[in-house]
Amino acid sequence: MSGNSFAYSEQAGGGEATELGQEATSTVSPSGAFGLFSSDLKKNEDLKQMLESNKDSAKLDAMKRIVGMIAKGKNASELFPAVVKNVASKNIEIKKLVYVYLVRYAEEQQDLALLSISTFQRALKDPNQLIRASALRVLSSIRVPIIVPIMMLAIKEASADLSPYVRKNAAHAIQKLYSLDPEQKEMLIEVIEKLLKDKSTLVAGSVVMAFEEVCPDRIDLIHKNYRKLCNLLVDVEEWGQVVIIHMLTRYARTQFVSPWKEDDGLEDNEKNFYESDDEQKEKTDQRKKPYAMDPDHRLLIRNTKPLLQSRNAAVVMAVAQLYWHISPKSEVGIISKSLVRLLRSNREVQYIVLQNIATMSIQRKGMFEPYLKSFYVRSTDPTMIKILKLEILTNLANEANISTLLREFQTYVKSQDKQFAAATIQTIGRCATNISEVTDTCLSGLVCLLSNRDEIVVAESVVVIKKLLQMQPAQHGEIIKHMAKLLDSITVPVARASILWLIGENCERVPKIAPDVLRKMAKSFTNEDDLVKLQILNLGAKLYLTNSKQTKLLTQYILNLGKYDQNYDIRDRTRFIRQLIVPNEKSGALSKYAKKIFLAQKPAPLLESPFKDRDHFQLGTLSHTLNTKAIGYLELSNWPEVAPDPSVRNVEVIELAKEWTPAGKAKKENPAKKFYSDSEEEEDSSDSSSDSESESGSASGEQDEEGDSSEDSSEDSSSEHRSDSESVSEVGDKRRAKRNSKSKGKSDSEDEEKENEKSKTSDSSSTDSSSAEESSSDSESESESESESESKKVTMEKEEKKTKQDRNLTKDVSLLDLDDFNPVSTPVVLPTPALSPSLIADLEGLNLSTSSSVISVNTPVFVPVKTHVLLHRMSGRGLAAHYFFPRQPCIFGDKMVSIQITLNNTTDRKIENIHIEGKKFPMGMQMHVFNPIESLEPEGSITVSMGIDFCDSTQTASFQLCTKDDCFNVNIQPPVGELLLPVAMSEKDFKKEQGMLTGMNETSTVIIAAPQNFTPSVILQKVVNVANVGVVPSGQDNIYRFAAKTVHSGSLMLVTVELKEGSTAQLIINTERTVIGSVLLRELKPVLSQG
C-alpha cells in the first residue's frame, strides 16, 4: 500500500510529492526505503489537514487526490469524517468531488452520512443540476430503512425537475429504493408512469430500467409511450438502448401476432403439392387472407435496424435478438453480417456472440453459410472460443462444404491443445452421423487416429467410433478386432470401457477374440477403474450366455471377484448378474429371458448439439449463456392468437397543441368557437374510444396517400405531439368536466366545422410538429415557448366572460411539469407551514374576513347498522352483549368515541348488578362507563351509552363486564373509520388544506375495478360505509372528495378518489396522522376494488 502511494506521488509530479510532507521527501532515498518503512498514516494526516484548511484550493487539491485514490482501488474510508465536513462547501467543484466520494462510501459509513442528511435535502434545491443530482444519488446510497419516506419525497420532487439529468438520477434512485423497501412499489409505479411520459432521450433508458426492475408485468404503462420509445431509440445512450430493446421485444411478443405464419404457409404450399382439388381450393381460400403486419410492429423493426451498425456490441446483440424473436423469417438474415463483425472484438464479446450464433445456426443454417471462413479456428484463440467455433462449423456442415471442413478438422486434431483436439474428434463423429455420404470416410479417418501417439486423442477416437459402429455394426468386424488389440496400450478408463462394450455387443461376430479379452481382463480386474469393472462384468455375462463352454469358469471367477469389491455398485451388479445368468433353485422366471435382456438391440446414440435446448431462453441473456434460468429472467411469452386492441397505443393529440406555434389562418377565423370546439373534441375522444379511432384514422388517411416517407414523418410527429401535449391533457380534462353541461348543445354543428378546419390546417399541423421536434431537446426553452404561446391564446380569448379563470388554467399548463407528484392536488407553491393545519384553522377565526371556518363538524352521511359481538351468550352464561358506533359526538367528552352497548338476558332468571370494572388500557386511553344496571329481567334487553378515548389509534380497549356473580373479560377494537367525525368544508378550503398536507403527509394507491363500481352513488356508499366522513362538493365529475377530522386530536383527514382512464382510479389520503391514514387506505382499497 505504501509503495503504491509513493509511486502515485512520483507519477503525479514533484509539486504533489512536496505537498505530501517535506520531512518525508527530504529523507527518502531513490532506492525506495520510504516504501518499506513508512506508512500511509502521514499522507492521510496531510490530506485531513488540507481538507480542514481555509483555502478552497487546498481542499480541491485534496479531494482530487482522494478521488484518484478511489479510482486506483485504494481504501479512503478513514477520510470520511474529514470529507463529509465539506459537503456544505460553497465551491461547486469541491462539492461535486465530495458527492462523488460520498456516493462511494455512504453505504459503508451510514451513521456519519445520516448526520449530514439535512445538507443533502438542502442540496436537492440547489440551482446547479449536477449538485441536485449528486445529492439524490448520495441520499439513495444511504441504505437505511428509516429514511425511506425522505427518499420517496426526494424522488417525487426530482421526477418533476426541469433538468433531464436530475430526472435520470431519479429513475436510478427508484431501483435503489425498491430494493430497500419493496412495499413502496405502488408509489414508485406512479413515479415511473410519470417519467415514462418524459420526452428527453437522457431519461428514457433509465426509466425503462426502473420499469424492468420494479414492475415488468405492467405492460399497460408502455402502451401510450410505445411509439415515442421507438422513435427516441436511435438517440438514447447505448446502455439505455439495450434495456429499451429488450423490453420492447417482450412487449412485441404480447401485443402482435406472429409474423412467422406467412412463412409457414409458404412451406406448407410447397409440401402439399399433390393434393386434391378440394383441398387446394381450401388452401387458396386461406391464402386470400394474407398476413398483414401491424404498423407498430413494423415501426419497431424499422427503427432498430440502424442500430446494427452501433459501435457497442451489446446494442448490436440486443437488436439481433429482437430480429430473431419478432421479425419475419425472411428479414432475419440481415443480422448475420453484424454479428460476424463482432467476432473481431475481444474474447469475452466473441464468447457471447458465438454462443448466440451457435443457437441460431441450428435452426437457420443459411444465415451464416456465406461467412463460413469467419468461424475457422485461429491458433491464438482461447480454448472456449475454439470449441464454440467447432460447434458452429458442425451446424453449418452440409454435403457441399463437408470436404473442406474435414481437411480443416484434420489440422485441428494435431493441435497441442488436447481438449480442443478431443472436441474436434467429437465434431468429426457428429458430421459422420449427420451426413451419411461421409460416414465411411470419417470412420476410416478415426481408425487411423487410433495409432496416434497421444493417448487422449486415441481414447476420444475409440469413444466416437463406438457410437458410429452402433449404427451399422455388421459391416465393421475388422475395426472391432483392431480395437481389441489396443486394450494393452490404452489406459483411459472411458476408452477401455467402450472397447469392452463393443466386444460384448459383437461377441458372436468375434468368437475367438472375445474370450481371450475376458481372460486378460480377469487378470487385471482388481486394478481396473470402476467403469471398466462394470463392463468386464457385462462382457462376462454376455459370453456366458453365448459361449458358456469356454467362459463359464472364467465368468464365475470374475463374479466372485466382484462379490467382494469395495464399490457397492459393482457388488450389486455382481449379485444381479449371478441370479440372472446362473440358474439355480431360487432363480425365478426372469432367468429364462437373460439372453434377450443382455443381447437386446440397443438404439444408436443420437449425437446432438449441446445448444439445441437453449433456444427456449431469450438470446443475449444470462440465462441463455448459462443454459439455466437466472434470477430476474423474464420469459418471452408466446405470440397471441389474436392481436390485442391496437388502439391502446393511440395517443390523443389535443388541438391546443396546434396553437403553440404562431401563424395559421384557420386559427384566427373564430377564436371563441375554436376554444369550445377543442373542449368538445376532448370530451368526444375521451368518452368513446371508437370515435377517437375513427378520428385518428381519418386524419392519417390523407397522409397515407403521400407515401412511406410521409408515414414515417407522421409517426415521428405524432409521438412528439403526444409527448408535448400530455401535460396539457390533464388541464384539458379538468376544463372539460366543468363545461360538460354547456358544450353538449353545440356539439353537432361544431364538429362539422372542425372537420372543415382539419383539412385546412393539416399543413400547419405538420409544421407545428416539426417545430415541436426541434424544440424538444431543451426543456427550459420549451417551457418558455409554451408560456409565450399560451399568453397569445389568452389575448385571443378576452371576449370570453371567464377570462380570469382561463388565464389561471393556462398558467397551469406551462407549469405542469413542476406540479406535485399526485395529479389530483392543485399546484402548491407556498412553503409548508410551521403550524399544524388544525392550529391554522383555529387561528383563522381571528381574521376579519366573513368566510366561515374551515373545520365544522357535520352530521354523519350514513350510519351503518352493523353490530359487533362484545360478549357471546355462551361465554356470558346467558348474558349477551353487542356494541355498535352511532357516529355521533360523544356527550361524555369531546375526545371520546361514542359507543352504544345492547345487553340481552337470554336466561330464565334475573341478572343483577351489571357493571364495568378491571379496565386495562394503553397509556393515555380513557373510558366513561355506563351506570350500573340493578337488574335485567329474563328475555329482557337494554341499551346503554359509553365513551372511549382511543387516542387516535386502533388499539384494543380491554375491560371486564361484570354481574353480581361473574366477571367476563371483553374488549373493543374500533375500526379506523369510526375514529373520525365528518367535516363540512368547501372545495376551495379542501384544496387549500390538501396543499398543506403533501409530501410525507400524503399516501396514495391505485385501484382497479369494473367501471360500474365507479359510479358516484357506489363510491359514496362504499366510502361512507367504511369511514365516518363528510362529502365535499366537487366541480369535477371524475373527482370525489371527503373530509373528516380525528376525534381525539382534531387532525384533518382528507380523502380523494380520482377516476382515471379505463377501469382505474387513484385513492389519495392527506393527513398529519400518517399511521391512521395508511390504515384507512388499506381498508378502503379492497372495498373500492371489489364489485
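Predicted model: local features only at pLDDT ≥ 70, side-chain atom pairs only at ≥ 80, totals over all residues.
User: OK, at what angle do helix 17 and helix 21 pack?

Analyst: Helix 17 (residues 238-255) and helix 21 (residues 313-326) pack at about 10°, and their axes are 9 Å apart; the axes are lines fitted to C-alpha atoms over the stretch in contact, with angles from 0 to 180 degrees between N-to-C directions. Helices (H or I, at least four residues) and strands (E, at least two) are DSSP runs, numbered from the N terminus. The two helices are therefore roughly parallel to each other, a term for angles under 35 degrees.

User: Which residues make the contact?

Analyst: With contact meaning heavy atoms within 4.5 Å, helix 17 contributes residues including Trp239, Val242 and Ile245, and helix 21 contributes residues including Val315, Leu322 and Ile326. The residues of this contact divide into 10 nonpolar, five polar and two charged, where Ala, Val, Leu, Ile, Met, Phe, Trp, Tyr, Cys and Pro count as nonpolar, Asp, Glu, Lys and Arg as charged, and the others, Gly among them, as polar.

User: Switching to the sheet: in what order do the four strands come?

Analyst: The order is 6-4-8-9 in an open sheet with antiparallel pairing, and two strands pair if DSSP finds at least two bridges between them. Strand 6 (933-936) and strand 9 (967-972) stand at the edges with a single partner strand each, so one side of each lacks a neighbour in the sheet. On average, neighbouring strands are turned by 35° against each other, direction ignored.

User: And how many bridges join strand 8 to strand 9?

Analyst: Six bridges join strand 8 (residues 957-962) to strand 9, and Gln960 stands opposite Asn969 in strand 9.

User: Which cysteines does a disulfide join?

Analyst: Cys962 is joined to Cys967, S to S 2.4 Å, under a rule of sulfur atoms within 2.5 Å that gives a count of one disulfide. The torsion about their S-S bond is about 110°, so the disulfide is right-handed.

User: Is Cys962 buried or exposed?

Analyst: Cys962 is buried at a relative accessible area of 0%, whereas Cys967 is partly exposed at 41%; buried means under 20%, exposed over 50% and partly exposed in between (1.4 Å probe, protein chains only).

Definitions and conventions. Residues numbered from 1 in each chain as written. Heavy atoms only, no water. Parallel < 35°, antiparallel > 145°, perpendicular 65-115°, else oblique.
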